[in-house]
Amino acid sequence: MAWFKRKDKGIHTSTQEKKDTPKGLWYKSPTGKIIDTKELEQNFYVSPEDGYHVRIGSNEYFQILFDDNKYKELDPGLTSKDPLKFEDTKKYPDRLKAAQEKTQLKDAVRTAVGKSNGEDLVIACMDFSFIGGSMGSVVGEKIARAADYAIKKKKPLMIISKSGGARMMEAALSLMQLAKTSVKLAQLADAGIPYISLCTDPTTGGTTASFAMLGDINIAEPGALIGFAGPRIVRDTTGKELPEGFQTSEFLLEHGFLDFITHRRDLKKQVNLYIDLIKNQPVRE
């Protein structure tokens, strides 16, 4: 005689009643290292065993760079329109709405100003979680406005790139942002305002072809993927085999495209050290 007898066949638990294992308790890096997420956060979102820099967004970078995580966000309500009436598997406005609900972001970049080591710093930070960090009209406009703010207030500007490239749903309007942001950075240079570009994983496409490589100083995180096009396209275009790791930050540093690579725990110190040196002012501790 069976100890238990199923009254009804099959599983009838409703979706609402199902219990999932809590997510976010552990993180596994690509090299297989497992770390508690709380420990990961305390280590600047870097795996302590292998030094792998986990992809993070604007919230985390602002927390790292701004004193006491205090800052004023610039143009927080700016959102994209749909002038091209673009539609692929879904309409562009629907895709934007879904991304906004999922990420709680308005678009793929946030701009803010706050104290960093006691002095004002303007930061534009991209979020890869919002449609792959793609660069559309809002990204270009917010970066341009951040540059205008930096010029007006005479404050250094830092852009943190993390992008898959131009946003195809905005076509030529997206590509126009390359020129738009480049012009603003030229105006920043004419005004003698320092501009720091930080390339993170990944920095590709139109971002690399514009503001990501136009810094007075171009820096990157360890192991970041940085390039214009993917390896297959580069290989097919050049007809040559590519060296291993040719799109990593370490390779670009070796070949003169970057000034230095910094661990995330040293980012705030290194950025402000550069600002002090270029402004010929006493180095802040």
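Modeller: Ile34 counts as exposed because its relative accessibility is 52%, and the cut-off for exposed is over 50%. Keep in mind that this is a predicted model.

Biologist: Where is Ile34 found, and what does Ile34 form with Leu25 and Trp26?

Modeller: Ile34 is found in strand 2 (residues 34–36). With Leu25 and Trp26 it makes up a nonpolar surface patch, and together they have about 360 Å² of accessible area.

Biologist: Why is Ala220 called buried?

Modeller: Ala220 has a relative accessible area of 0%. Buried means under 20%, so Ala220 is buried. The residue is found in strand 8 (residues 217–220).

Biologist: What makes Lys268 and Asp67 a salt bridge?

Modeller: Their side chains meet at 2.6 Å, N to O, and the limit is 4 Å between a side-chain nitrogen of Lys or Arg and a carboxyl oxygen of Asp or Glu. The pair links distant parts of the chain, with Lys268 in helix 8 (residues 267–278) and Asp67 in the loop between helix 2 and strand 3 (72–74), 201 residues apart. Both Lys268 and Asp67 are buried.

Biologist: Why do such side chains pair at all?

Modeller: Side chains of opposite charge can pair when their charged atoms come close.

Biologist: How do you know that Glu221 and Arg264 form a salt bridge, and why is each counted as buried?

Modeller: The closest N and O atoms of Glu221 and Arg264 are 2.9 Å apart, within the 4 Å limit. The pair ties together parts that are 43 residues apart in sequence, since Glu221 lies in the loop between strand 8 and helix 6 (231–238) and Arg264 in the loop between strand 9 (260–261) and helix 8. Glu221 is at 4% relative accessibility and Arg264 at 1%; the cut-off is under 20%, so Glu221 counts as buried, and so does Arg264.

Biologist: Why are Asp75 and Arg145 called partly exposed?

Modeller: Asp75 has a relative accessible area of 25%, and Arg145 is at 34%.

Biologist: What joins Asp75 and Arg145 to Glu141 and Lys180?

Modeller: Salt bridges that share partners join these four residues into one network. The structure holds 17 salt bridges.

Definitions and conventions: Residues are numbered from 1 along each chain as its sequence is written. This is a predicted model: local features need pLDDT of at least 70, side-chain atom pairs count only at pLDDT 80 or more; totals for chains, interfaces and linings use all residues. Side-chain values use heavy atoms; hydrogens and water are left out. Patches are made of residues with over 30% relative accessible area and no salt bridge: like charges are joined within 9 Å, nonpolar side chains (Val, Leu, Ile, Met, Phe, Trp, Tyr) within 5 Å. Accessible areas come from the Shrake-Rupley method with a 1.4 Å probe; for residues, only the protein chains shown count as cover. Helices (H or I, at least four residues) and strands (E, at least two) are DSSP runs, numbered from the N terminus. Buried means under 20% relative accessible area, exposed over 50%, partly exposed in between (1.4 Å probe, protein chains only).
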